[in-house]
Amino acid sequence: MKIKNPKIFYYEEVGIEKCKEENIVEHAFFSKGKEEYIEIEDVTFDSCIFHAIDFTNIKLVHVDFVDVIFEECDLSNQCFDQKRMDRVIFKNCKMIGTSFIESALYDIQFENCLTQYLNFSNAKIRNFLLKDCDFKEATFMETDIQNMEIENTKLYQTEFIKTSLKGIDFSSCNIEGTQFDSFSLKGISINQFQASYLIGMLGVIVKF
């Protein structure tokens, strides 16, 4: 799978509080942040880097991201429902409870992220990389996925419901406790140890 990386050719360091005054923020580097509450609304971030930003006191409303990198950020409980993201990388981020319901996600990468309880229900995803992440109890409900690679990722009690996973290789992942419906299972690749778990989940008894 060829996934497109963010197009960031240059940037300038700015304070995140200035985003309240703009509709489009381009070529910006944000590092750390203010402790007081900030609400950022109706802004498109284009060719930007967020480094070590704690979004706990930052509310994002109607915000889009194009060619953006998040490094070592805390985006827990942020709502990206019905938003579009193009060429975005989340690296070493904490994203517990973050929501992407009905979002359009193109060329998205999660690397070494704590991504528990994420919700991708009814999202449209094109070119998706998950690597070295913890996707405990994430939800993929009627998610439209095309071109997905997943490597060394924990999927404990993650749900894949009415979500086509045909052609996706789960063999390097921990799928113990993962919930698949029969539609989602069709065409996935697994290893021999994972096969025992899935057979048991389907109620089949294997005698050795």
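Among contacts in the protein chain between residues at least 6 apart in sequence, what percentage join residues at least 24 apart? The value is 9%, where a contact means heavy atoms within 4.5 Å.

This is a predicted model, in which local features need pLDDT of at least 70 and side-chain atom pairs count only at pLDDT 80 or more, while totals for chains, interfaces and linings use all residues. Residues are numbered from 1 along each chain as its sequence is written, and side-chain values use heavy atoms, with hydrogens and water left out.

**Figure 1. Overview of the protein chain.**
The protein chain holds 12 strands and 2 helices; both kinds of element are DSSP runs numbered from the N terminus, with helices being H or I of at least four residues and strands being E of at least two. Starting at the N terminus, the order of elements is β-β-β-β-β-β-β-β-β-β-β-β-α-α. The radius of gyration is 18 Å, close to the 17 Å that the globule rule gives for 208 residues, so the protein chain is as compact as a globular protein of that length. This radius is taken over C-alpha atoms, and the globule rule is 2.2 Å times the number of residues to the power 0.38. Along the principal axes, the C-alpha atoms fill a box of roughly 65 × 30 × 25 Å.

The accessible surface comes to about 10800 Å², and 45% of it belongs to carbon and sulfur atoms. Accessible areas come from the Shrake-Rupley method with a 1.4 Å probe; for residues, only the protein chains shown count as cover. Of the 208 residues, 46% count as buried; buried means under 20% relative accessible area, exposed means over 50%, and partly exposed lies in between (1.4 Å probe, protein chains only). The protein chain has 22 positive and 34 negative charges, and their mean positions are 6 Å apart. Lys and Arg count as positive and Asp and Glu as negative, while His and the chain ends are not counted. Each charge is placed at NZ of Lys, CZ of Arg, CG of Asp or CD of Glu.

Strands of a sheet pair through backbone hydrogen bonds, either parallel or antiparallel. Here two strands pair if DSSP finds at least two bridges between them. Strand β7 (residues 104-111) pairs with β8 in the parallel sense over 7 bridges, and Glu111 stands opposite Lys131 in β8. The pairing of β8 with strand β10 (residues 144-151) is also in the parallel sense, over 7 bridges, with Leu130 opposite Ile150 in β10. Strand β8 (residues 124-131) has 6 of its 8 residues buried, so it is largely enclosed by the rest of the structure.

**Figure 2. Strands β1, β3 and β4.**
Strand β1 (residues 12-13) and strand β3 (residues 28-31) pair in the parallel sense over 2 bridges, and Glu12 stands opposite Ala28 in β3. Strand β3 is joined to strand β4 (residues 38-51) by 3 bridges, and the two run parallel. Across this second pairing, Ser31 stands opposite His51 in β4.

Phe29 lies in strand β3 and is buried, with a relative accessible area of 16%. Not counting residues up to four places away in sequence, Phe29 touches Tyr11, Glu12, Glu13, Val14, Ile49 and His51. From C-alpha to C-alpha, Phe29 and Glu12 are 5.6 Å apart in space and 17 residues apart in sequence. Glu17 is found in the loop between β1 and β2 (24-26). At 27% relative accessibility, Glu17 counts as partly exposed.

Three strands form an open sheet in the order β9-β11-β12, with parallel pairing. The edge strands, each pairing on one side only, are β9 (139-141) and β12 (179-180). Strand β11 (residues 159-161) and β12 run parallel and are joined by 2 bridges; Phe160 stands opposite Phe180 in β12.

Ser47 is found in strand β4, and its phi is near 60°, a positive value in a residue other than glycine. Ser47 is buried, with a relative accessible area of 6%. Gln157, in the loop between β10 and β11, has a positive phi of about 60° although it is not a glycine. Its relative accessibility is 34%, so Gln157 counts as partly exposed.
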